[in-house]
Amino acid sequence: MELEPFLLIFTSSSAWRRPKAIKNILIGRRTVSNLYWALQYNMLDFFGALHGIDLPDSIPSVAHMRRSGVLQVDDNQMVRRTKQGDAKRAFLLSEVPDMNDLKWASRFEVGSFMTRFTFLVQVVSEYSYGNAHYYPQTVSFIDRQIVKRFFLANKSTELPKAVYQLLNDFLGGLRNDNFAEIMVSNFSGHRVAGRTDQQMANQLGQPIGQIQLINLLLSAQLLAFLVKSASKQVTPLLQGLSKPVISASALTTFQLFLKDPTLSYQQIASRRHIKLTTVYEHLLEAAIVLPVADVPFTRLLAPPTEQQLAAIAPDQVGNWAYQSLSKRLPGISFFDFRLFQIKRARVSAATGKEGGQNG
Amino acid sequence: MVDLRVILKQKFGFDHFRPGQQEIIKALLNHEDVLAVLPTGGGKTLLYQLYAIATHQRVIIVSPLISLMQDQVSRLQYLGSKRVVALTSAMDFSERRTTLQHLEQYQFIYASPEMLSNPQVSRRLQELAVGLLVVDEAHCISEWGPDFRPDYLKLGAVRKALKQPLTLMMTATATQRTRNDIIDKMAMDRSAVTEIVMPVNRANIFLSVAKCENQPAKNQLLMTLVDQFSGAGIVYFSSKAAAEQLADLINAQTGKIAAAYHAGMDNPQRFRIQQQFMNGDVNVICATSAFGMGIDKNNVRFVIHYHMPGNVQNYMQEIGRAGRDSKPAVAVLLSEPNDQYLQQNLIENNYPDDDTIRYLFKHPKQLAANEAFRVIQYYYDRQQSADQTIQQLQHYRQMRRAELQKMIAYIDTVGCRRKFLLSVFDEPMSAEMNGSFCCDFHNPFWQEVADFNHKYLDQGHDESRFPQNDWRTTLNKLFLLKN
Ligand SMILES: [Zn+2]
């Protein structure tokens, strides 16, 4: 999938951002650094939304976007959107479904969902014609088993009608008929081949990256449509697709920290059989991704330390570098420093002071 | 004794075996190990599928390419076998684990040679009863150079570990020397293996070559041919970029609909193109060479090579996609002076240079870091010196060059093209071949392309068009609803 539409959307015209970090956030490589930048870039809702999708290297994409005048690039390979980029972004957003639906791709494996759903469409389509003799799509063992079980459990003359009804309701509710055309192009069935993204791009006169983005957002919407639908019948199809907000290991560490305030970090480390640095990482992950109300910031970051940091903090706390601080306040650990930044970003965002950096 | 014809009719819907099929299955039922040389489209899958049905036994199929394996799995499922699985490196850890746990449920197990060398997989397979071991594309055992797969050489040991089950080795094209080499490398006894060799010749495919002045002239000729030929066709390229470019050009300049098809596309996109080709929505597939398709389309009327393949064996395989319905079809090879340099570069670039080899022998840790160094790793593990390895690779490079020269000689030949091709496989021209439908040596094909098309390729069907349905109509069509 092309990276450029995403870089256009998730860069900012007011702040410099790292394209590589944007890519890592979308892929969802779960490191504290990536999560931290997702927080700063207001992208936590989209963390891992493109997990499992092949994305090109960011350098050629950025170079191309610089040449076409939509991005500025500084000496540190940080980028900022130009006026022209703003206009292009606004146009792109008007051409695609609601970007906020990308959050469903962060919470569920949308790619696997679409594999299952398109496979189901093929199986049901051939079934509606009474044909058992066809080339099935190539899907993984697990997805095949899930679709097969679902099909066998629901096999009846009513099934084609039900799948049809579901799709008709969903597609009929889209604001743009082209969206429905793009969605339907994913489906192959009896004597219906579907179309490739490239063919749809040619047919509709849109860039292929835009078609891919529309497809992703529609898949996320369809998934949301099924999750929200009252019908419990479809839940087996969604089995194993949801992604946890926090890694299981980090959650265990955090819960131990909550349960017993007398434990030192070192003690937590030995109880959990992990390194001390890992404890720090786990707690930072929790401080970034869990609801603000669930994070005891005052316990994590002692008020005197916080006051020390606040006294010398620059306006742009998010981009504040630890090296420049450690010279002025040598006793401050990286852990405390990051927590200070996280708290600033989260507590102020919660009170609405500094949000909406994507504008 | 089972009646093979009854199974053939009941399970596959065919009245007759293709040449060689019955002979091979009978030999297998007679517990003879078989080395079979069958042309592409000669019904290789049916051999072991029918054997499995007749004996209710499990079959393990060794296959070199993931894409080929997935194709085979699709094909078998299409033919009604549901207990099929492919063990490939494309599986993630949990998927592989689940599959291995349930391996006894499968009657057909596909695996790459690398996968079979994996101790976990091999242990699991040894627990199962194996009725037949099939080695597909068996010439890979004998092939050397950058395409060489060291794990193919371990197949002899794999066979031993599986307690030497009945074995069927299959390949589309192999000279006697290659056949001997295959049997030796499998650690089998030449005298104990039944060899069944089918003719390479495909009498219903007309052969022709056009030497163009330059690339623009070649593009122009391609457009003309695609426009003139009736029915479905495949155009082969040696690069993805060229396949895509020329597909666009065909769509822009001819009345035909073309689509590119190559390994750079993901599974769903490839699947849709396949289905379009099957349904006749798309007339022409622009494919990269050596890339398998999961479908058997019988009525391909023409195969055009925009780039020549690296050797005559590949050429025979690729044109073999034409005319599987036994009706007349045509193979055209387009060439221009720069083409041979392209192929030469492909050969040279495929081999690591001498300095790289010396460097890697001094820094062997880096061998494992790169798949491309697998061959060097093989020699390193066998404790050869850097110089010996360089010499050996030189030798294989030389062989590749000679093969390419043979391909070029085919283009330049002034005699009967069929006779030339068959001579490479030590196959004489059969008496039934005559000049009326053979090659552009006997026929003034290039002066009469339109007549040729009318006489042989045009089957009176309307050219199909891409269906221009809106999404509502498509939904209705998908689920057989008449509103
Ligand atoms: Zn001839």
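**Reading the terms in a two-chain model**

Student: Why is Asp143(A) called buried?

Tutor: The relative accessible area of Asp143(A) is 9%, and the word buried applies to values under 20%, so Asp143(A) counts as buried. Please keep in mind throughout that this is a predicted model, and that every value we discuss has been computed from it.

Student: What makes the pair of Asp143(A) and Arg116(A) a salt bridge?

Tutor: The closest N and O atoms of Asp143(A) and Arg116(A) are 2.8 Å apart, and the rule asks for a side-chain nitrogen of Lys or Arg within 4 Å of a carboxyl oxygen of Asp or Glu, so the pair meets the rule. Arg116(A) is buried too, because its relative accessible area is 4% and the cut-off lies at 20%.

Student: Are Lys211(B) and Asp412(B) buried, exposed or partly exposed?

Tutor: Lys211(B) has a relative accessibility of 56%, and exposed means over 50%, so Lys211(B) is exposed. Asp412(B) has 40%, a value that falls between the limits of 20% and 50%, and therefore Asp412(B) is partly exposed.

Student: What can be said about Glu127(B) and Arg124(B)?

Tutor: Their side chains meet in a salt bridge, with 2.8 Å from N to O. Glu127(B) is exposed, because its relative accessible area of 58% is over 50%, whereas Arg124(B), with 16%, is under 20% and therefore buried. Elsewhere in chain B, Lys44(B), Asp136(B) and Glu137(B) are linked in a network of salt bridges, and the structure as a whole holds 22 salt bridges over all chains.

Student: How many salt bridges lie between chain B and chain A?

Tutor: The count is zero, but across that interface 11 residue pairs are found in polar contact, with both residues at pLDDT 80 or more. On the side of chain B that touches chain A, the elements giving two or more residues are α4 (66-78), α5 (93-101), α12 (267-279) and α20 (471-478) of chain B. The largest share of that side, nine residues, is given by α12(B).

Student: What describes the size of this contact?

Tutor: The size of an interface is often given as the accessible area lost when the parts come together. Here chain B and chain A bury about 3,800 Å² between them, with 60% of it on carbon and sulfur atoms, and the contact takes 41 residues from chain B and 43 residues from chain A.

Student: Which residues touch the most other members of the largest nonpolar core?

Tutor: That core has 119 residues, and those touching the most other members are Phe10(A), Leu102(A), Phe113(A), Phe117(A), Leu167(A), Leu171(A) and Phe479(B). Helix α12 (residues 208-228) of chain A gives the most to the core, with 11 residues. Leaving aside residues up to four places away in sequence, Leu167(A) touches Phe117(A), Val121(A), Gly172(A), Phe187(A), Leu475(B) and Phe479(B). A second, separate core has 57 residues, including Ala329(B), Ile347(B), Tyr379(B) and Tyr410(B).

Student: How many helices and strands does chain A have, and what share of its residues is buried?

Tutor: The secondary structure of chain A comes to 19 helices and two strands, and buried residues make up 52% of its 359 residues.

Methods
Residues numbered from 1 in each chain as written. Chains lettered and ligands numbered in written order. Predicted model: local features only at pLDDT ≥ 70, side-chain atom pairs only at ≥ 80, totals over all residues. Heavy atoms only, no water. Contact = heavy atoms within 4.5 Å. Buried area = accessible area lost by both parts, 1.4 Å probe. Polar contact = N/O pair within 3.5 Å; in protein donor to acceptor, adjacent residues only side chain to side chain. Helix = DSSP H or I, 4+ residues; strand = E, 2+ residues; numbered from the N terminus. Core = buried A, V, L, I, M, F, W, Y, C linked by side-chain atoms within 4.5 Å. Buried < 20%, exposed > 50% of the residue type's maximum accessible area, 1.4 Å probe, protein only.
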